[in-house]
Amino acid sequence: MTLGDQLSDRVEQVPPSGIRKFFELAEEVDDVISLGVGEPDFSAPWAARTAAIDSLERGKTSYTSNRGMRELREAISERVTRYGQEYDPEDEIIVTTGASEAVDLAFRAFVNPGDVVAIPQPSYISYTPGAIFAGGEPLPVPTRAEDEFTLTPEALEAAGADEADVLVLCYPNNPTGAVMTDDELADVASFVRDHDLVVLSDEIYSDLRYEDDHASIATHPGMRERTIVFNGFSKAYAMTGLRLGYAMGPPGAIDAMNKVHQYAMLSAPTTAQYAALEALRSCDDSVEEMRREYDRRRRFVLARFEEMGLDCFEAKGAFYVFPEAPDGDDEAFAEGLLEEQNVALVPGSVFGEGGAGHLRVSYATGMRELREAMDRIEAYVSH
Amino acid sequence: MDKQSLLDLLRHDARESVDDIARQLGADAEAVAAALEELEDDGVIRGYQAVVDWNNVDEERVRAQVEVDVELDRETGYEEIARRIARFPEVATLRLVSGDYDFFIEVEGESMHAVSNFVSERIAPIPEVTKTVTHFVMDSYKEEGIELGDGDDDDRLSVSP
């Protein structure tokens with residue numbers, strides 16, 4: 001018996017990541033300008049970094065409580081009131097190793113073998129494998145360019161999500177940059193209540209909205225008790241490598257997730273927790289400055305696409321826009337652009353059904369590169 | 001046209017073209033050009049200059065920060081003394097400040113000798129000036145919000161989820 005023969009069905013069931021394949025292609029090209037990056041180009045605010053350094057100097061290198069440092073949970077509880085969310089730091093919040101761990105914990109805590117997990121697509125690439133690893137059956141729910149990639153009850157109905165057990169949401173959305181308003185969420189909430197689903201709402205991009213304030217489905221009537229909210233420090237605070245996120249939900253639910261977390265992870269990285277605490281206390285200005293910079297780039301990219309005749313809806317969140325591939329073949333376009341103009345972006349089909357025919361363009365890149373990349377894309381489009 | 005956003009952008013990079021500024025602010029190019037002209041005419045924008053890291057320039061450049069104490073009398077105020085000091089081309093920056101001294105001056109010259117000569121022969125003899133303290137700049141780590149030095153490479157993966 002070799003390990004290869006012993007591979008679990010769950011692992012075998014998950015195909016290799018499409019983004020990985022594109023990464024390898026891009027690595028072979030010299031002088032590539034990448035608009036394919038899913039993380040900020042800024043570094044974490046200096047105050048947060050120094051807090052991490054200070055904590056190390058003071059020898060703060062042991063585990064914390066499973067759910068995370070009490071002070072940090074209190075600061076998170078205080079922070080999320082700005083989104084209309086109220087969670088008790090005592091038993092309704094858990095600090096995790098990135099929001100990714102929180103999402104995985106929720107799959108493992110709330111999905112039974114055979115449970116149907118409805119996943120709007122295109123979406124971040126981890127949800128489908130996460131559902132499969134937990135024994136669930138992913139149900140893709142395609143969202144449409146006509147709806148600016150928001151989720152509608154009609155789309156849920158058409159995909160058969162009325163039979164699902166769990167619904168994953170991610171707005172502002174990676175890869176489309178779509179956001180959902182309170183009214184649009186109200187329609188989804190009503191569908192969720194009617195069909196008795198549980199919601200896993202990944203709100204990691206909540207601070208990166210450019211036209212309006214963040215709205216959360218968990219604040220809708222009857223939704224708090226059936227929703228887990230995920231958030232974290234990676235995007236708004238540019239702390240991806242520090243791996244720190246959190247989940248919030250009703251007490252029993254967080255207990256269940258903590259049961260998995262305490263055995264699998266014990267506690268989130270202590271150094272990162274100190275950085276996060278300082279980030280919440282004193283880094284609002286840095287976040288706002290980064291947000292303004294992203295917004296300028298967003299407008300710039302949208303304007304350039306419009307001028308070069310590339311159809312693109314006005315994405316209002318995260319740091320992505322999602323234009324249509326001119327001849328409808330996103331993979332061929334992305335490969336051709338990489339080959340001829342040394343610009344990397346990610347074909348939309350990598351992000352599941354509904355993403356095909358589109359391109360994810362990340363503007364988490366400095367203006368100088370962005371300008372050059374737009375010139376090259378224009379040259380490629382017009383040849 | 002939101003002038004504050006325009007100023008924020010220019011403070012970040014004043015070499016952006018009017019078209020690119022317009023794209024980033026979601027405005028049209030004529031509106032941006034008009035707003036720029038207005039800011040210049042109103043004396044809000046006084047100039048556009050390069051931020052130079054003199055460590056990377058062959059030609060020697062000496063800079064000093066000079067603290068200046070003055071004694072006012074019935075006829076002479078800060079404004080009048082300041083006007084006199086500001087006219088010297090060697091004076092790059094002149095500010096009235098709170099604290100232990102009155103004026104803060106940045107002086108630029110071709111050598112230490114030139115700078116100290118300037119302070120002792122042009123600034124110190126001004127009748128109202130009672131004391132000067134000259135600090136030569138030995139190194140600079142940040143200018144106008146820009147960190148000098150090698151900078152950090154972008155070590156992010158070229159494509160990531």
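In the predicted model, the buried residues of helix H4 of chain A pack against helix H11 (270–282) of chain A. Three residues of H4(A) make up this buried set, namely Ala48(A), Ala51(A) and Ala52(A). Viewed down the axis of H4(A), the buried residues fall within an arc of 100°, so they line one face of the helix. An α-helix has 3.6 residues a turn, so residues three or four places apart point the same way. The face of H4(A) turned away from the buried side bears Trp46(A), Ile53(A) and Glu57(A), which are exposed. The length of H4(A), which covers residues 46–57, was also examined: at 1.5 Å a residue its twelve residues should span 16 Å, and the end C-alpha atoms are 16 Å apart, which agrees. After H4(A) comes Gly59(A), whose phi is positive, near 75°.

Strand E7 of chain A, formed by residues 227–232, is mostly covered, with six of its six residues buried. Burial extends to both faces of E7(A): Thr227(A), Val229(A) and Asn231(A) lie on one side, and Ile228(A), Phe230(A) and Gly232(A) on the other. Strands of a sheet pair through backbone hydrogen bonds, either parallel or antiparallel. Strand E6 (residues 198–202) of chain A runs parallel to E7(A) and is joined to it by four bridges; within this pairing, Ser201(A) has Val229(A) as its bridge partner in E7(A). Strand E8 (residues 245–248) of chain A is likewise connected to E7(A) by four bridges, but these two strands run antiparallel. Here Gly232(A) stands opposite Gly245(A) of E8(A).

A further sheet of chain A is open and consists of three strands in the order E9-E12-E11, with antiparallel pairing. Its edge strands, E9 (320–321) and E11 (346–347) of chain A, each pair on one side only. The antiparallel strands E9(A) and E12 (residues 359–362) of chain A are joined by two bridges, and Val321(A) stands opposite Val361(A) in E12(A).

Helix H12 of chain A, comprising residues 284–307, contains Val287(A). This residue has 18 C-beta neighbours inside 10 Å; because burial requires 20 or more and exposure 12 or fewer, Val287(A) counts as partly exposed. Leaving aside residues up to four places away in sequence, Val287(A) touches Asp207(A), Ala236(A) and Tyr237(A). The C-alpha atoms of Val287(A) and Ala44(A) are 9.5 Å apart in space, although 243 residues separate the two in sequence.

Definitions and conventions: Residues are numbered from 1 along each chain as its sequence is written. Chains are lettered from A and ligands numbered from 1 in the order in which they are written. This is a predicted model: local features need pLDDT of at least 70, side-chain atom pairs count only at pLDDT 80 or more; totals for chains, interfaces and linings use all residues. Two residues are in contact if their C-beta atoms, placed from the backbone, lie within 7 Å. Two strands pair if DSSP finds at least two bridges between them. The expected span of a helix is 1.5 Å times one less than its number of residues. The arc is that of the directions from the helix axis to the C-beta atoms.
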